[in-house]
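Morning, everyone. Please bring up the sequence and the model, and we'll walk through it.

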Amino acid sequence: MPTEVPAEDYDIVVFENKFPSLQKESSETIVSSSQFFKHGKAQGICEVVLFTSDHDGIMSEKPLSRYIKLVKVWRDRYRELGTKDFIDYVFIFENKGEEVGVTLHHPHGQIYAYPFIPPIIEQELNSSKEYFKKEGECLFCKTLKEEKEDGRRIIISNDSFTALVPFSAAYTYEVHIYANKHLSSFNDFSEKEEIDLAAILKTILMKFDNLFGFVFPYIMSIHQQPTNGTGKEYSHFHIEFYPPYRTKDKLKYLAGSELGAGAFINNCLPEEKAQELRSTPPEEVIKFTG
Amino acid sequence: MQIHKKRIKKEDGRYLIYYTFTDETKEGEEGKDVRTEMESHPEAMDNSSHSSTEQDI
């Protein structure tokens, strides 16, 4: 069976998904739209990002330099894919662990470049846009300010980023990483912000893996400005982690209330979970010494 | 740290990009040849954005 990556060795590799949900040269739809049921072509790009050549590698054990490289690659993919005129949103994400349906253990993530703004992000941006129009400031900047004033849900922070369990956490160990200042997207990053994001990412992954003593599964998604040119003032770079474990041996299942009614049940206090993650080593953000 | 990329076209027409970096710190065992190891794990991502063991990677 041939490998996807022909080189004998590599650092970070990106390639087009062999079985993409979206395609650059999308053919016409098989089923025609009706007046009531409308659909469009599945045009877009789906990429796979291999974080390391180490097939059995554990990312939390990798050096900070690996994370810096990954952030640089993510930035490059966001910029390059975002310049294509048929792409409105570049969505970078990672599904990690069998618990979220992954069977390939090689450290990797994915990128979907959509021809539209996906619904959850569109709803988030609409809320932020509405708040911006009403209050004249970014909703996420305001949220972070309130979180810092409260302090109980903050896990760690460095000069450029803050990790916290959100006030309205849907998952027990849900973690968000916010840019401290209003960075709309990777395009606004400085080199220091690349390093600071890498450092806080590595620290959170170490905390996750140290929490229960096994590699912690999660779904990670990066939210930032659409690449269609809209939303600079009210898009705020942040990362969201959704780990499925609610205790060491119990998973959170989406059931009647969550899927049928859209109301998430969380029987834990975000403040307590933030404290738990704060006290899980490492207690300080990993420092860059390079 | 400077980023460099080399794009190739695979036999089936898909692109693949090798990213390399200069002025990097040494990363111990990460530079080893894993091609054989990867070939023993014939897996790929499916179109539901999960990983699948049905195809090669």
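Chain B exposes about 3,500 Å², with carbon and sulfur atoms supplying 46% of it. Those areas come from the Shrake-Rupley method with a 1.4 Å probe. This is a predicted model: local features need pLDDT of at least 70, side-chain atom pairs count only at pLDDT 80 or more, and totals for chains, interfaces and linings use all residues. Residues are numbered from 1 along each chain as its sequence is written, chains are lettered from A and ligands numbered from 1 in the order written, and side-chain values use heavy atoms, leaving out hydrogens and water.

Staying with chain B: 1 helix and 4 strands. Both are DSSP runs, helices (H or I) of at least four residues and strands (E) of at least two, numbered from the N terminus. The order is β-β-α-β-β from the N terminus on. Of its 57 residues, 37% are buried, meaning under 20% relative accessible area (1.4 Å probe, protein chains only).

Now chain A, strand E3, residues 89–96. 8 of the 8 residues are buried, so the rest of the structure largely encloses E3(A). A:Tyr89, A:Phe91, A:Phe93 and A:Asn95 point one way. A:Val90, A:Ile92, A:Glu94 and A:Lys96 point the other.

What does E3(A) run antiparallel to? E4 (residues 108–114) of chain A, through 5 bridges, and E8 (residues 218–223) of chain A, also through 5 bridges. A:Tyr89 has A:Tyr114 as its bridge partner in E4(A). A:Phe93 has A:Ser221 in E8(A).

Last, helix H4 of chain A, residues 191–212. 19 of its 22 residues are buried, so H4(A) is largely enclosed too. Just after H4(A), A:Gly213 takes a positive phi of about 85°.

Conventions:
Buried < 20%, exposed > 50% of the residue type's maximum accessible area, 1.4 Å probe, protein only. Pairing = 2+ DSSP bridges.
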